[in-house]
Amino acid sequence: MEEKNRRLDEASLRRLLEREQTGPEALVLRLAWLEGLTREEIAALTWGQVSFLDDRLELPDRMVPLDREVRSLLWKLREAREAREEPGDPHVLLSARERKPMRLESISRIARLALDRGGMKDVRLLDLRYDWIIRCLDRMDWPEAARISGVEVATLQLRFSASAPARKAPKPPPVQVDEFKLWKLLQTERSTAAGLAMWLGWQLGLQAQEMIALTWEQVDFQEGVLRLPDRCVVITSALRRILEEEYRRRLPEEDPHVLLTEQSRKPLDLPRLSRLTRAALIRGGLERVTLRDLKRDDCRDMEDERILQRALEQGFVSRGDVSEVLGLSKTATYARLRRLTEHGRLVRVGGKYYLPGTVVPPERHREVILEYLAEAGFAYRQDIVELLHIQPKQCTLVLRRMVEEETLIQLGQRYFLPGQEKRKVE
C-alpha cells in the first residue's frame with residue numbers, strides 16, 4: 001500500500017484539534033479529517049451547502065453527513081457572522097484581511113502550519129481526507145463509501161483495499177431507478193451536456209467512453225441511427241428531437257463532438273462527465289443513481305426485448321443469434337441467456353433457447369415421451385419433434401440418451417417402450 005494511504009495517529013489528531021478550537025485552521029482541519037473534503041471543496045464550500053436541518057453537507061456531487069463537532073463549529077461561525085452583520089459573501093471560509101473566499105494556497109499553508117505545530121510534519125492536508133475514507137470503510141461497505149466520498153468503487157478498492165478491513169467487496173445491489181423522477185430530470189436538463197449524456201445512457205445504452213467520443217458525423221438524422229465504430233444504434237424519437245435541437249444551436253466553427261463543456265466549448269473528458277451527471281442526478285433527487293445505473297437497467301431491458309423478439313420471430317435463439325444482435329462477447333452472451341433462463345423468460349434446450357410455453361422444458365422430456373408412447377404404442381423421431389417442439393438434432397440427442405439408458409427401444413426408425421416392440425404394429 002502506498003505510504004500516503006496509511007492510517008494516521010488518531011490520538012495525535014485529536015490532541016491537535018483540541019488545541020485548534022477557533023480560527024480558519026480549526027475549520028480546515030475538521031472539514032478535511034471529519035468530513036473528507038478536498039482542498040478545492042473546502043475553498044468552494046458555501047452556507048447554502050450546509051444543511052443544519054438535515055445535518056449534512058450538500059456538495060455538488062455528493063451528500064456528506066455532518067459530524068457533530070463540525071456542525072457545532074459551523075453554527076458558531078454562522079452566528080458570529082450574523083452578529084457582525086457582515087455583507088453576504090456566501091463562502092464559509094473567508095480570508096481574515098480581505099473577507100473574500102480563501103485561496104487554495106492559503107488553505108494549504110494554514111493546514112501545514114497547524115500540522116507542524118501538532119508535531120505531524122509528515123502529514124499532508126490530503127492525508128486527512130484519505131484517513132477519513134479509511135475510517136468510512138471501517139463501518140460501511142464499498143458502495144456506501146463511494147457514494148459519500150465521491151470516489152468510484154473501483155478506484156477506492158485500488159487505493160484503499162490494503163488499509164480497509166479484510167473483507168470481500170460486496171457486489172452493489174441493482175439500483176432501482178425512479179423513472180418518474182428521472183423523466184422530470186431529463187426534461188429539466190435536456191439542453192445541458194449532463195442531460196444529453198443521461199438521455200444517451202438511458203434510452204440508447206451508450207457507455208461513457210462512447211458518449212464523449214461521439215461526433216455529429218456519427219449522428220445520421222436521415223436514417224435515425226448513431227453509427228458507432230462497432231455497431232449502429234437506432235435513435236428514439238424523443239432523443240432525436242433533443243439531438244436536432246442541440247445540433248441547430250451549434251456554430252459552424254465549434255468542435256464536432258456532441259458533448260462539449262459549457263464555457264470553453266471543448267470535448268468533455270470522463271472525469272468531467274462523471275461530475276456533471278452526478279451533480280445533475282443529485283439535483284433530481286436521484287443521489288444513489290449513477291450514469292452507469294441508467295445503462296444497466298434500461299439498456300439491459302431493451303436488449304432483453306430484442307432477444308425475446310428474435311426468439312418469437314424464428315421460434316428460438318442461439319448464442320450466435322444473441323451475439324449477432326447485441327454485439328456481445330461469448331462470455332457476455334452466455335451470461336445474458338443464463339439470466340433470462342433463470343428468470344423464466346427463456347427455456348433452454350441444448351444450445352437453443354425458446355420462449356416459455358412454446359416448447360416442452362428439458363426436465364419434462366422423459367415424462368412427456370413416455371406418456372405419449374404408452375398411449376400411441378410407438379413413434380418416429382418427427383413425432384417426438386412435434387411433441388416437444390424442439391429441433392430434430394436436439395430430439396435425436398434426447399432419444400439416443402433414452403435408448404442408451406434402455407428407457408426406450410429403437411427398431412429402425414421407430415421408438416417403443418420396453419416390451420412394446422414385440423407387439424405387432426399394424
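**Labels and cut-offs**

Guide: Start with helix 1 (residues 10–19), where Ser12, Leu13, Leu16 and Leu17 are buried. Buried means under 20% relative accessible area (1.4 Å probe, protein chains only), and helices are DSSP runs of H or I with at least four residues, numbered from the N terminus. This is a predicted model: local features need pLDDT of at least 70, side-chain atom pairs count only at pLDDT 80 or more, and totals for chains, interfaces and linings use all residues. Residues are numbered from 1 along each chain as its sequence is written, and side-chain values use heavy atoms, leaving out hydrogens and water.

Visitor: Why does Glu254 count as buried?

Guide: Its relative accessibility is 19%, so Glu254 counts as buried.

Visitor: What makes the link between the side chains of Glu254 and Arg265 a polar contact?

Guide: The pair lies at 2.8 Å. A polar contact needs N or O atoms within 3.5 Å; within protein, one must be able to donate a hydrogen and the other to accept it, and residues adjacent in sequence count only if both atoms are side-chain atoms.

Visitor: Which residue caps the N-terminal end of helix 1?

Guide: Asp9 does, with a side-chain oxygen 3.1 Å from the backbone nitrogen of Ala11.

How values were computed
Buried < 20%, exposed > 50% of the residue type's maximum accessible area, 1.4 Å probe, protein only. Helix = DSSP H or I, 4+ residues; strand = E, 2+ residues; numbered from the N terminus.
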